[in-house]
Amino acid sequence: MRYYKYTLLIIVLAFYQLTLTGCSIEPAKPTFPEAVTPEQELNRLYQLAKEAKSPASEGYRLEAARLLIQLDRIEEAEEILAHVPTGKLSDTLLTTYALTSATLAVKRYEGSKALKILSQYETVIANGSQAVKIQAAQLSAQAYEIQGQPIESALQLIQTAPLLTGSGAIENKEMLWQMLMQASERDLAKRLSQSQDDSVTGWLQLAVLVKDNQDDLDRQLSALNQWLAKWPNHPGAVNLPDELKLLSTIITERPQKITLMLPLSGPNAAAGKAIRDGFFAAYYNARALQSQTPDISILDTSRSDNFLALYDQAVAQGSELIIGPLQKNHVQILEQQFDLAIPTLALNYGANEKATTNLYQFGLSAENEAKQVAQKAWQDGHRYSVVLAPDSEWGKRITNAFATEWRVLSGTLLEVQYFDEDKSFSNAIQELLNIDESYRRYQRLKSLTNSKIEFTPRRRTDIDFIFIASSPKQARQIKPTLAFHFAGNVPVYATSHIFSGLRAPLLDRDLDEIFFCETPWMLEQPEDALKTLIKQTWPTTANHLGRLYALGIDTYRLFPRLKQLSLIENSQLDGMTGKLSLDPQGRVVRTLKWAQFKNGEIRQIH
């Protein structure tokens, strides 16, 4: 299952906010007369519900639940819905109950629950108004996205499209395109072979050709024009997805002179050279395919103590784009500038959350992966977590990123334990699982009774899963130690740092059952042609530096698309390091794939 990125908008269920002409699904914050606060309105609804008889009482309670959902007071809405006697409701109120409950499930990222609710009340929804059917289809689309089924999500939105006009139709079209772009080319092709509906077939063909030509803008535009000639009256042709409207512009404006700024000597040389070699592997592959390529010059950032002077030198040489630097301190120097003279794609992330004009940041962020662990665990139905991480600056950064995202999702972080990287993990794990408390209770009881007592230590039972931040070597010791301390059946999640890059079934049996996020480059089988080339050319470094080679390849494929990603919200690029998108601060976000160790082997989770 892919890392969940919530791109669809929560649908407000107050029916007075829907119209049959252009049922917009733009999220609306509730508005009240100046003298009425949300709390006053809720109190009014509670009082009316208390005074009214059934079914009016249930109607007021449902209205209060809808308002609470809009206010993000999810637990209170859930409590109200749990006590609505559905057997007493009219079809109209039952429909309201169903849609409100499904919206609540979507807000809680519980896609399967939302789909179950919509299926359970399918008959009353089918007999409802057009607005009701639109809401139900859009909620289904959201639920399928949460479930990691983007094509099913898109099919729901294609079904909804004929019912919408105006801004609602435009929003719906962009959402269904985003869903198709989240799907793999293989899954799109499979569904295309099964399609018997012209509208669906046209959309799927368009998605396949875009993905198939993603690495070459000119070929992609040519394929698009062929599709337009074949499908002139298709809804997607009448109003193209926004990112396809931009194709001609980004082809015309793509940079022709690029400076690559990387450390090619000194302590960071191995990383800099791997990125450089991945970049040029993609460059020469493009030339072999007769694609247009830019002029590229290289500056070694390790040969100057004055990075800003070196950067200014690249600008003065007429560069239209700078790629680099790699070192975090150099990125932070660029962040301190009010704006940059030319677009710059840094290959690391600085510390400043505020955007700098013309600065884009792209790298292998551990914090980004930790957030995806939180999202995946929540998707899997877990709510209570503990964290085990090294007592280091890196360990604390990755823990903080996980904890922040876990709180956003409303998860409960029960405990964090940091381990000394040079010592046994047993003490930290005993404290994490409260095994140490169990021993202390035993010692107290033994001292009170002054007799021999049969004792088996017990771990805490309130944990849904354990997040570990560690290296492969550390994890191979941690997982067996967890089992020794009676936590062998507790789900364990980790970032890509748990995988060495080498397939080693005998060693990795100790990692069995651990879920981890990873780049497509490290997981995909059969291997990509560029990956095969890099393994043949640099056999000694291709595995342990694989993610850096992939970063170089993605950098080459990403730079012409920066304008597309910055202008089109939720636009994505399929990369070797993950699905790539851009946040409002110009930071590239990688959505990784998921895998699990089984009998020492890696099994990808789709």
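**Figure 1. Pro325 and the loop between E3 and H18.** Pro325 sits in the loop that runs from strand E3 to helix H18; helices (H or I, at least four residues) and strands (E, at least two) are DSSP runs numbered from the N terminus. The peptide bond between Gly324 and Pro325 is cis, with omega about 5°. The model is predicted, so local features need pLDDT of at least 70 and side-chain atom pairs count only at pLDDT 80 or more, while totals for chains, interfaces and linings use all residues. Residues are numbered from 1 along each chain as its sequence is written, and side-chain values use heavy atoms, with hydrogens and water left out.

Figure 2. Omega is near 10° for the cis peptide bond from Ser54 to Pro55. Pro55 belongs to the loop between helix H1 (38-51) and helix H2 (56-70).

**Figure 3. Helix H17 and its surroundings.** Phe307, Leu310, Tyr311 and Ala314 are the buried residues of helix H17 (residues 307-316); buried means under 20% relative accessible area, exposed over 50%, and partly exposed in between, with a 1.4 Å probe and protein chains only. Seen down the axis of H17, these residues fall within an arc of 100°, so they line one face of the helix; the arc is that of the directions from the helix axis to the C-beta atoms. They pack against E1, strand E2 (295-300), strand E3 (321-323), helix H18 (328-335) and strand E4 (339-346). Just after H17, Gly318 has a positive phi of about 90°.

**Figure 4. Tyr493 in strand E9.** Strand E9 (residues 492-494) contains Tyr493, which is buried at a relative accessible area of 1%. Leaving aside neighbours within four places in sequence, Tyr493 is in contact (heavy atoms within 4.5 Å) with residues including Val373, Asp380, His382, Phe465 and Trp594. Phe515 is also a contact of Tyr493; the two are 22 residues apart in sequence and 4.7 Å apart in space, C-alpha to C-alpha.

**Figure 5. The nonpolar cores.** A nonpolar core is a set of buried Ala, Val, Leu, Ile, Met, Phe, Trp, Tyr and Cys residues joined through side-chain atoms within 4.5 Å. The largest has 69 residues, and those with the most contacts inside it are Ile323, Phe362, Ile466, Ile468, Ile498 and Leu558. H16 supplies the largest share of this core, eight residues. A second, separate core of 36 residues includes Ala65, Ile74, Ile80 and Ala105.

Figure 6. Gly266 lies between strand E1 (257-262) and helix H16 (269-288) and counts as exposed at 52% relative accessibility. Gly266 and Ser302 are 36 residues apart in sequence, yet their C-alpha atoms are 6.6 Å apart in space.

Figure 7. Phi of Tyr109, a residue other than glycine, is positive, near 60°. The loop between helix H4 (91-107) and helix H5 (111-120) holds Tyr109. Asn570, in the loop between helix H28 (562-567) and strand E11 (573-574), has a positive phi near 70°. At 22% relative accessibility, Asn570 counts as partly exposed.
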